[in-house]
Amino acid sequence: MNKTLIICLMILGTAITACVPHAKNRTKTYVNAIERLRAGNDRFVRHRMKHPDQSAARIMETSGGQHPYAVIITCSDSRVAPEIVFDEGIGDLFVIRNAGNIVEEEDVLASVEYAVAHLGVRTVMIMGHERCGAIEAMTREPGEDEPKHILAIIQRLKNEPEEQQALRSGDTGERLVHQCVAANVAHGVAALSHQLHHLKGHGTDAGISIVGAVYDIQTGVVHFQEIKPSHH
Ligand SMILES: [Zn+2]
C-alpha cells in the first residue's frame with residue numbers, strides 16, 4: 001500500500017468518524033456494553049472475527065483521547081487476552097491484569113478509579129478463567145521453596161470467604177479448581193462493589209455495573225456470572 005493511499009484512508013476514516021461522532025464508543029450503558037462483549041466473544045468462538053479498531057485511522061482517531069466502553073480485570077495468563085477473546089481493538093477496553101485477577105490491590109483499584117472517574121467507563125468486568133495456575137496453587141499445599149510474593153497471593157486467595165466456602169465443598173481436583181475460580185470472581189465482584197462505593201457522585205449517578213465472568217480456555221467461551229444491572 002503506498003503512502004498516498006494510506007493517508008487517503010486515514011482521512012476517510014476521520015471523515016466517517018466525524019459524521020458519526022464516537023458512535024462505537026458510546027457504549028456507555030451496561031446493557032450495551034455487555035451485549036457488545038457477548039457479540040465479540042461469539043465472533044471469536046465461531047472464528048468470525050472482525051478485528052475492529054486496528055486500522056491506522058483508528059490509531060489516529062484515538063490519539064487525542066480514549067473512550068473505552070468497559071474495564072476488564074483479568075488474569076495475566078497468556079491464554080486469556082481480552083482484546084482477542086472479545087474481538088476488539090485499540091481504545092475499546094481498559095484492561096488490568098495480574099496473576100489470579102485479584103481486585104483488592106491498590107494499583108488495581110486506582111486503575112479502576114481512573115477509568116470510572118476520568119474516562120467515564122460504567123461497566124467493569126472481572127474475568128477469571130478455568131485451570132488458573134494461581135487458583136490451582138491455592139488448592140494444594142504450597143512447596144517450601146515457593147517465592148514469598150506467590151505465597152502472599154495464595155494466602156490472600158485463601159482468606160476470601162467465598163474461597164473458604166468453595167474449599168469446604170468436598171470437591172477435589174479439577175472440580176474444586178473450577179469452583180474456586182468462580183468463587184474468586186464472585187469475591188472480586190463483591191469487593192469491587194464495596195470499594196467503588198465512594199465513587200458515587202464523581203459523575204457516576206447512573207451507577208457502575210460490575211459483572212463477573214469465567215473464560216473457558218478449552219472452548220474460548222466467556223461465561224457470564226449472575227448479572228446485576230444497577231450496582232451503586
Ligand atoms: Zn490465571
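Modeller: An angle between two elements runs from 0 to 180 degrees and is taken between their N-to-C directions. Keep that in mind for helix α9, residues 173–195, in this predicted model.

Colleague: What angle does α9 make with β4, and which strands does α9 lie across?

Modeller: Helix α9 runs at about 165° to β4. The scale stops at 180 degrees. Helix α9 lies across β1, β3 and β4.

Colleague: How do you know how far to trust the chain, by its pLDDT?

Modeller: The scale goes from 0 to 100. The chain averages 86, and 82% of the residues score at least 70. Residues 1–26 are another matter: their pLDDT is below 50. Beyond near neighbours in sequence, that stretch has 18 contacts in the model. Where pLDDT is low, the predicted coordinates should not be read in detail.

Colleague: What makes up the secondary structure of the chain?

Modeller: Nine helices and five strands. The five strands form an open sheet with mixed pairing, in the order β2-β1-β3-β4-β5. The twist averages 25° from one strand to the next.

Colleague: Why do you say that β2 and β5 stand at the edges?

Modeller: Count the partners. Strands β2 (93–97) and β5 (222–224) each have a single partner strand, so one side of each is left without a neighbour in the sheet.

Colleague: How do you know that β1 is joined to β3?

Modeller: Pairing needs at least two bridges. Four bridges join β1 (residues 70–74) to β3 (residues 123–129), so the two strands count as paired. They run parallel. Ile72 stands opposite Met125 in β3, and Ile73 stands opposite Ile126 there.

Colleague: How many bridges join β1 to β2?

Modeller: Five, and these strands also run parallel. Five passes the cut-off of two, so β1 and β2 pair. Here Ile73 stands opposite Ile96 in β2.

Colleague: Why is β1 called largely enclosed?

Modeller: Five of its five residues are buried, so the rest of the structure largely encloses β1. Ala70, Ile72 and Thr74 point one way, while Val71 and Ile73 point the other way. In a regular strand the side chains alternate between the two faces of the sheet.

Colleague: What makes Ala182 buried or exposed?

Modeller: The cut-off for buried is 20 or more other C-beta atoms within 10 Å. Ala182 has 20, so it is buried. Ala182 belongs to helix α9.

Colleague: How do you know that the span of α5 is close to the expected one?

Modeller: Helix α5 (residues 106–117) has 12 residues. The expected span is 1.5 Å times one less than that number. That comes to the 16 Å expected, and α5 reaches 16 Å from its first C-alpha to its last.

Colleague: Why are the buried residues of α5 said to be on the same side?

Modeller: The buried residues are Val112, Ala115 and Val116. They cover an arc of only 95° around the axis, which puts them on the same side of α5. The covering elements include β1, β2, β3 and α9.

Colleague: Which exposed residues are on the face of α5 turned away from its buried side?

Modeller: Glu106, Asp107 and Ala110. To count as exposed, a residue has 12 or fewer other C-beta atoms within 10 Å.

Notes: Residues numbered from 1 in each chain as written. Predicted model: local features only at pLDDT ≥ 70, side-chain atom pairs only at ≥ 80, totals over all residues. pLDDT = per-residue confidence, 0-100. Contact = placed C-beta atoms within 7 Å. Arc of directions from axis to C-beta.
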